[in-house]
Amino acid sequence: MDAPEVSRLGLLLAAIEARAAAAADGPWRAMMEGRDHSSGSSCIATATGGMEFDGASDADIEFMAAARDDVPYLLSELRRLAGLVEGR
């Protein structure tokens, strides 16, 4: 990667990290109507409350709930691999 690409990657990762840091703290748990409870709607439960999504499929809700842990993990792995490539 040349310097401009590295700089763009760093800016992109920083923006993603800022969005992840601004989101509600984890863990997030997908709560599916019929699987995890019998009334209400499917939602994401967080430490501070819940999030409902009109029109979201169960797969969408599972994905969003998992992203709370997946995104920070993937960011750290990208930074680790970038450090290896750059020889740090």
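These are my notebook entries on a predicted model of one protein chain.

**Entry 1: Overall fold**

I began with the secondary structure. I found two helices and three strands in the protein chain. Read from the N terminus, their order is α-β-β-β-α.

**Entry 2: Dimensions and surface**

I next looked up the extent of the chain. The C-alpha trace spans about 55 × 20 × 20 Å along its principal axes. The radius of gyration is 17 Å, whereas a compact globule of 88 residues would have one near 12 Å. I noted that buried residues account for 18% of the 88 residues. The accessible surface comes to about 6100 Å², and 59% of this belongs to carbon and sulfur atoms. Of the contacts between residues at least 6 apart in sequence, 39% join residues at least 24 apart.

**Entry 3: Leu 13**

I then turned to a single residue. Is Leu 13 buried or exposed? Its relative accessible area is 4%, and buried means under 20%, so Leu 13 is buried. Leu 13 belongs to helix α1, which covers residues 3-22. I asked which residues Leu 13 is in contact with, leaving aside neighbours within four places in sequence. They are Leu 75, Leu 78 and Arg 79. Arg 79 is 66 residues away from Leu 13 along the chain, yet their C-alpha atoms are separated by 8.5 Å.

**Entry 4: Arg 79 and Glu 17**

Arg 79 forms a salt bridge with Glu 17, and the closest N and O atoms are 3.0 Å apart. Arg 79 lies in helix α2 (residues 58-85) and Glu 17 in helix α1, so this pair ties together parts that are 62 residues apart in sequence. Both partners are partly exposed: Arg 79 has a relative accessible area of 36%, and Glu 17 has 31%.

**Entry 5: Other charged pairs**

I recorded the charges of the whole chain. There are 8 positive and 15 negative charges, and their mean positions are 8 Å apart. Side chains of opposite charge can pair when their charged atoms come close. How many salt bridges are there? The count comes to five.

One of them joins Arg 35 and Asp 36, at 2.8 Å from N to O. Asp 36 is partly exposed, at 26% relative accessibility.

Glu 77 and Arg 80 form another salt bridge, with the closest N and O atoms 2.6 Å apart. These two residues are three apart in helix α2, so about one helical turn separates them. Glu 77 is partly exposed at 22% relative accessibility, as is Arg 80 at 45%.

Finally, I noted that salt bridges with shared partners join Arg 29, Arg 35, Asp 36 and Glu 62 into one network.

How values were computed. Residues numbered from 1 in each chain as written. Predicted model: local features only at pLDDT ≥ 70, side-chain atom pairs only at ≥ 80, totals over all residues. Heavy atoms only, no water. Helix = DSSP H or I, 4+ residues; strand = E, 2+ residues; numbered from the N terminus. Rg over C-alpha atoms; globule rule 2.2 N^0.38 Å. Buried < 20%, exposed > 50% of the residue type's maximum accessible area, 1.4 Å probe, protein only. Contact = heavy atoms within 4.5 Å. Areas by Shrake-Rupley, 256 points an atom, 1.4 Å probe, with all protein chains shown as cover. Lys, Arg positive; Asp, Glu negative; His and termini not counted. Charge placed at Lys NZ, Arg CZ, Asp CG, Glu CD. Salt bridge = Lys/Arg side-chain N within 4 Å of Asp/Glu carboxyl O.
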